[in-house]
Amino acid sequence: MSLASRWNLVCFLISLLGACLALPVGALADETSTTDVGITSAVAKSVAELNSDHFDVRRHGAEALQALAQQPAAQPALAIELERLLLAPDTPYEVRALCEPILSRLPPPAEENSPPIAVEEVDRLMQDVDAASYGQRMGAALRLQWIAKRNPQWAATVAEKLKQRLQDPQLTSDTRRRLADVREAAWVRWLASDPANWAAPTATEKQVDLWLQTLTSTTASAVEQESADRELTDLVVYEAWAPKLREAVEKLLQSPDLSSEAIERLTRLSDLSRPAMVAEIWQERTNNTLQYLLVDVPQYPELALRATHFSRIDDTTAHCVSGNSLAPGDYPVGVAIPITHPEADYSEVRMFQLRNLPNARRRLLYDLVQLKLSQEQRLHELSERTTAWMTAQKRCLSEREIALLRHLDGPIVSRFAGPYLLSIDDRPKTEAEVAQFAGSASRHTLLCAVLVEIGTHEVLPSLVEAARRDRLPVPTEDPMPRNGPLDDNRRDVPPGLRYHFGWLAAFAIAERDPWPGLDEWLAGILDVSQPISKLPDPPPEVGATAAAMLLTRNGENMADFGIAEVADQDLRGWGIPASRFTTPAARQQVREWWQKRQTQPKAPDA
């Protein structure tokens, strides 16, 4: 088969897999036994079909494998068989292209079920990475990655073999890049394992001195310096070697003859050998700055008014001695933190996260794993940790803490906000300059204003319950704020609140994040007569606004039911058709229409 033909087959198989995901598995599931023997036989039969010259046979093989993958009872045995298939050296690349995605979605097989691998096989695969055939090169790289991923000992073997291979100055740049990528993946897999299970390093102090000399030499080649740097980086992750390397590097850094490149390489190695941390600076859901800091070593940022100095940090708490955005004190690690320094300009779109990097292993895993995740995934994980920490606090959050929720993941914030509103008592705002988007309001109002912007329908049951139980501030009689500071011990709502932000959030979410049960939810609040605004007179109310949305969604004219939208530009800007009933009988008219609609037979789906 020609290279072009093989590539076309790969593309076909991958597209076929996507089509198989949507197919029912009933008929195919009947063909495949969920016993280990049956699965082994079914996998062998399906793989053989993938190599057929006939389209229908190849399609059936792909569908059969996908059907097995969707049977929980079959998944463990299927994972074992697919892994054996992918680790076999003679498996065609076309079959790998189909089986790799299926295996990636299965629970990993137990290590005792993993097939053995010979060191000689790793050597052959490293040669195949530079083969003339594209399929052979890719197949070898994928197989090396799977070997490394499956077991830390295999990962160490692959990483060491590839490290030696990368010392060859005759490698082409393309081959060097491919080998370096596979080597890094294997090394990271080993690095993430338990150091207690690591084999002791074989390096000697004499070798270390030679590597350091190469690293700082002005005559060594780029490949030689790269190899020396790789050897030293491998060594610094061992706790016993870190202080020895730091001492040797510090002596070298005192030399006046070092080039700027040598100083940079040595400084990196020195920093890896010392306890450190990183302050992530996030702005509008993007981590745009990383500030690496050595623990208990003041750092003086350019043009900063004060030193940045953290005297200690562990995986839960960091102590700030001096900072430019953070005031001195203790801070949680791994969660979002707002600006707290009284002399810093507050910005509600800026937040921080502190991460503990106590040794080279943790620092390298942070750089090579965490930072390679997408911004979306990192924000998702940060949002989960932050809301979990806030829940554990069991206290009323500050305005700044609530304001930063606007820049976390909406669904996660929504799942946090509901229980919070039902269990934590409200308090007035005390920082008038913070989070102006909610004006001079209470903290529950501020959280509801966050939900107006980013909330999702997960929060609605709790939000409605909180409103029914009068746990949310209602619009006040006095539209103008009082003069003077608020008493932080008062539980009543500060004056000047024009809108019921809880119901605003509910309707904004319903408009922005509709779900299959939205109509039933709207019908369930038709009886709620609470006003959602103090102006105009008469004001819009909850039941009428729900009726307006319900009727409009079902193609009805709300004016025919005695409902009028209230002219409020702000509410319309939020997408909320704030409305009122124009006749006493209007509410009942909508109820009767909905009940009649519920008894009508539903039209079949198109």
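Me: Is A62 buried or exposed?

Reply: A62 is buried, with a relative accessible area of 1%, where buried means under 20% relative accessible area, exposed means over 50% and partly exposed is in between, using a 1.4 Å probe and protein chains only. A62 sits in helix α4, which covers residues 55-69, and helices (H or I, at least four residues) and strands (E, at least two) are DSSP runs numbered from the N terminus.

Me: How far is A62 from S46?

Reply: A62 and S46 are 16 residues apart in sequence, and their C-alpha atoms are 6.9 Å apart in space.

Me: What sort of model is it, and how are the residues numbered?

Reply: This is a predicted model, in which local features need pLDDT of at least 70 and side-chain atom pairs count only at pLDDT 80 or more, while totals for chains, interfaces and linings use all residues. Residues are numbered from 1 along each chain as its sequence is written, and side-chain values use heavy atoms, with hydrogens and water left out.

Me: How many helices and strands are there, and what share of the residues is buried?

Reply: The protein has 25 helices and nine strands, and buried residues make up 50% of its 606 residues. Among contacts (heavy atoms within 4.5 Å) with a separation of 6 or more, 62% are between residues 24 or more positions apart.

Me: Moving on, how much space lies in the largest pocket?

Reply: The largest pocket holds about 630 Å³ of space, and of the 27 residues that line it, the closest to its centre are E160, K163, W190, P201 and Y238. On a 1 Å grid over the protein atoms alone, a pocket is an open set of points where a 1.4 Å probe fits, with protein on both sides within 12 Å along at least five of seven lines, and lining residues have an atom within 4 Å of a point. Grid points are joined across faces, edges and corners, and the volume is the space filled by probe spheres set on the points.

Me: Which helix gives the most to that lining?

Reply: Helix α9 gives the most, with nine residues, and the helices that each supply at least two lining residues are α9 (152-165), α10 (173-191), α11 (205-216) and α12 (222-236). By class, the lining has 14 nonpolar, seven polar and six charged residues, where Ala, Val, Leu, Ile, Met, Phe, Trp, Tyr, Cys and Pro count as nonpolar, Asp, Glu, Lys and Arg as charged, and the others, Gly among them, as polar.

Me: Where is L166, and what does it touch?

Reply: L166 lies in the loop between α9 and α10 and counts as buried at 0% relative accessibility. Not counting residues up to four places away in sequence, L166 touches L171, R176, L179, A180, R183, V223, S227 and R230.

Me: Switching to E280, which side chains does its side chain make polar contacts with?

Reply: The side chain of E280 makes a polar contact with the side chain of Q353 at 2.5 Å and another with the side chain of R378 at 3.0 Å. A polar contact is a pair of N or O atoms within 3.5 Å; within protein, one must be able to donate a hydrogen and the other to accept it, and residues adjacent in sequence count only if both atoms are side-chain atoms. E280 is in strand β1, residues 276-283, and is buried, with a relative accessible area of 1%.

Me: Last one, which residues is S414 in contact with?

Reply: Leaving aside neighbours within four places in sequence, S414 is in contact with L451, I454, G455, T456 and V459. S414 lies in helix α18, residues 410-423, and is buried, with a relative accessible area of 1%.
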